[in-house]
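Good morning, and thank you for coming. Please look at the structure on the screen while I describe its sheet and its cores.

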Amino acid sequence: MAQSPRRPIRIAGVSGAATDRRQAMAQMAANHPRDPIDVMIGDWLSEANMTSRGVARSGNEGASYEPTFLEALQPALENIARYGIKVAVNAGASDTKLLHQVVTEIVAKQGLSLKVAYISGDEVFPAIQEAIRTGSSAFENICTGEQLADWKFEPLYAQAYLGGLGIAQALSDGADVVVCGRVSDASPVIGAAYWWHGWKRDQLHELANAFVAGHLIECSNYVCGGNFTGFKSLETRGWDSIGYPIAEIASNGQVVITKGRESGGEVSTQTCTSQLLYEIQGPWYYNSDVTAFLDGISFEQLGTNRVAMHGVSGELPPPTTKVGITARGGYQAEAHWFICGLDIEAKARMMEAQIRLLLKPHIHRFSRLEFTLNGTAKENASNQNAATVDLRVFAQAAEEADITPDKFLRPVLDPVMEGYPGATPHLDFRQGFPKPVYEYYVTLLPQSSVEHKVHRWDGTETTIDPPPATKTWPSQQPSHPSTISPKLDFGHITRGPLGSIVHARSGDKGSNANVGFWVRYKDEWDWLRSLLSIDKVKELLADEYKPGHKIDRFELPELKAVHFLLVDHLDRGVSCSSSYDFLGKNVAEFLRSSMSPQRSRNSLYLRPPPSKHFGLEAEEEEDVNDEDYEDDEEEDDEVEDDYEGKDDEEEGDDLPRIPGRGRPRVQKPIRQIKRKRSPSPEVASPKKRRAAPKILEHAIDIVDDDHATSQVPVANRSPPPPIPPSPGRTLMSYPPPRGTNLTLAADVPRYHAQAPHIRVALPDSTLVEPYRAPTAVMAAAEQPWRVSTPTRKEKRAQKMVAELQNYNVPGIAEKEYEPLPESKE
């Protein structure tokens with residue numbers, strides 16, 4: 001134990017892939033004086049390079065570790081040594097011993113005295129062969145259910161996922177750098193925290209929390225805003241250089257996630273939820289050292305870029321560990337045609353027919369041949385590229401000789417003169433030449449069959465025993481097809497893209513894909529969990545759903561999330577897939593773009609120019625408990641005056657005009673519950689059913705002396721000029737969800753006095769114009785200083801400015817808006 005257990009260990013994640021940015025490790029180490037860290041972890045491996053390195057190792061085809069790790073390590077070594085930072089990484093792939101030798105030589109050349117250790121035991125192909133010989137295991141594929149004996153490929157290499165206690169032992173022995181071949185993604189974090197706090201194997205609660213913390217930071221930037229469906233809010237927060245995460249883990253297992261100082265992106269409850277839902281397979285999360293229960297997990301925003309994790313519990317680990325078996329899968333090649341303009345599908349059919357005829361002498365040798373149209377030609381496009389789609393011709397064959405250019409590429413390109421109008425092939429023919437692909441088979445192996453060892457710098461080694469106590473878990477995780485309550489009433493329903501309200505995240509494990517959906521507000525949670533059943537997801541998947549394939553579903557109530565496991569949804573996995581989405585990351589984006597029924601009261605809109613209007617839906621009155629709300633009786637009396645007369649209507653307009661007094665006015669949220677835990681607005685009386693959303697005309701009047709319009713009759717007013725473009729801000733391409741006026745105010749420019757009214761209204765599903773996310777305070781905050789006591793409306797604006805300051809909204813937090821004077825009352 002290196003330090004007192006009273007101080008949490010600070011572990012930085014500096015890489016999530018072989019293609020991650022190389023400079024992160026050096027930057028983290030150099031920044032240590034201002035932002036100290038104790039350990040840096042990183043993962044340079046995935047199923048893609050694990051398979052290629054495994055085949056290289058089996059055929060003695062040269063070094064089979066991941067060389068990109070060295071590009072990150074070398075420039076960081078000097079500061080690693082200077083500040084005593086420990087390093088534990090997944091980078092050895094299939095030759096960890098050789099990587100250890102290379103790192104040791106680099107350290108010596110730089111004149112440093114760092115101690116380098118490595119972990120072995122992940123290479124388990126001999127154990128697999130012995131079990132096959134003795135018949136002790138059928139090695140069922142955990143994605144497809146098939147048995148290894150029925151796999152049509154010859155296994156060449158096998159690699160197990162190890163736990164973190166070998167890393168902990170190496171650090172306890174004094175290692176400065178620990179290189180691993182294949183430990184699980186989170187194991188470096190488990191090992192570092194175990195070493196730092198001197199934990200024991202039976203401290204399952206602490207181990208489980210460290211395990212989930214490792215899951216949150218092992219993909220580097222993801223928990224800081226990378227691959228996050230709320231990415232548009234990050235444009236003003238340095239989205240050009242998203243930061244790297246830091247996990248602070250206390251001796252009792254308490255976890256706080258943050259990121260490197262002065263780096264881009266954000267760490268919030270939303271980014272943590274996004275990463276938590278990535279690549280999990282169910283509520284039981286397995287590691288060789290512990291099983292974590294996720295169904296009670298929650299996140300709490302402690303401050304700017306600081307999130308605490310709660311609700312994770314630990315149980316005994318399983319007696320088995322995951323194993324990936326690699327085989328040569330044959331060869332593949334592809335070619336592309338560009339199709340532009342009209343009759344896209346007919347042109348594609350014509351080209352496919354011509355190509356198939358020319359491939360006929362060879363097609364029987366192909367194990368796969370696919371013709372796919374990718375993209376959509378925009379109607380009445382403003383440029384040619386926007387009207388162009390890609391026709392992809394993809395083939396795989398068992399032998400390289402069956403897919404040589406004369407048997408694939410030439411027949412695919414030969415119809416150029418007889419083809420569709422505008423027939424144009426892609427001139428980069430390199431993809432048309434055969435390249436090897438590798439099959440990947442995922443199964444389980446008893447931990448007792450793994451020889452987990454630590455190899456020290458002096459040639460000595462220590463064996464890590466398997467866990468003394470384990471639990472055999474059911475192969476089927478808890479799954480609930482749907483959650484439906486006939487008593488739920490969501491009021492007026494419209495249709496729109498699911499992603500206009502719902503966040504989502506997806507990923508891959510073998511051929512399985514997982515996708516998790518979540519919402520931000522409590523009143524949306526029952527709607528989400530009622531909408532997204534297994535049958536509904538099948539409907540949303542449409543042509544992507546493979547009939548007969550299983551889908552599992554479970555809920556995470558504290559995260560307001562519903563998670564789905566799409567079993568064997570992907571085409572065999574990343575190393576041999578024929579899909580563009582070989583990592584499964586776009587399953588979520590595809591589903592978010594699907595049209596689905598939505599609650600209209602969850603959308604806020606900007607009122608369009610006077611030529612168009614939104615309709616308002618009436619609602620029956622209901623009693624509410626005034627003790628729960630911040631109510632201003634004088635405000636209510638003033639607002640009621642607007643409703644005494646009939647709405648102004650223009651001839652030919654069948655929608656009622658929104659009441660108004662001719663001046664730009666800002667709509668407040670319906671009501672606000674008194675802030676007890678969070679400044680976020682909530683729906684009034686959540687325990688009572690509401691027949692339809694009640695829209696109150698609470699408004700803040702804004703008067704521009706140079707453009708006052710209050711005395712001009714409505715009929716004589718000219719349409720306001722368009723809002724000028726806002727540098728550094730973006731227009732939202734869809735109506736933002738309820739509550740955007742607080743949480744997405746960073747997307748909104750300073751208020752323009754000539755802008756249309758900002759209103760709350762029910763949606764018109766035919767509108768396609770972009771809308772700015774509304775904010776109720778930026779308008780009022782621009783009024784000049786007053787010497788006298790502020791008016792009631794100015795005090796309301798002042799209160800809402802303070803709420804935005806609490807939310808760290810750019811512009812407000814940076815004091816671009818001068819505050820209103822304090823009330824003398």
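How many bridges join strand E10 to E13? Strand E10, residues 291-293, is joined to E13 by 3 bridges, and the two run antiparallel. Helices (H or I, at least four residues) and strands (E, at least two) are DSSP runs, numbered from the N terminus. Two strands pair if DSSP finds at least two bridges between them.

A word on the source: this is a predicted model, in which local features need pLDDT of at least 70, side-chain atom pairs count only at pLDDT 80 or more, and totals for chains, interfaces and linings use all residues. Residues are numbered from 1 along each chain as its sequence is written, and side-chain values use heavy atoms, with hydrogens and water left out.

Let us return to the sheet. It is open, with 3 strands in the order E9-E10-E13 and antiparallel pairing. Strand E9 (284-286) and strand E13 (313-315) are the edge strands, each pairing on one side only. Within E13, Ser313 stands opposite Phe293.

Now to the cores. A nonpolar core is a set of buried Ala, Val, Leu, Ile, Met, Phe, Trp, Tyr and Cys residues joined through side-chain atoms within 4.5 Å; buried means under 20% relative accessible area, with a 1.4 Å probe and protein chains only. The largest such core has 81 residues, and Ile249 and Leu276 have the most contacts inside it. Helix H9 (residues 204-217) supplies the largest share of this core, 9 residues. Apart from it lies another core, of 34 residues, including Leu73 and Ile80.

Terms used: Buried < 20%, exposed > 50% of the residue type's maximum accessible area, 1.4 Å probe, protein only.
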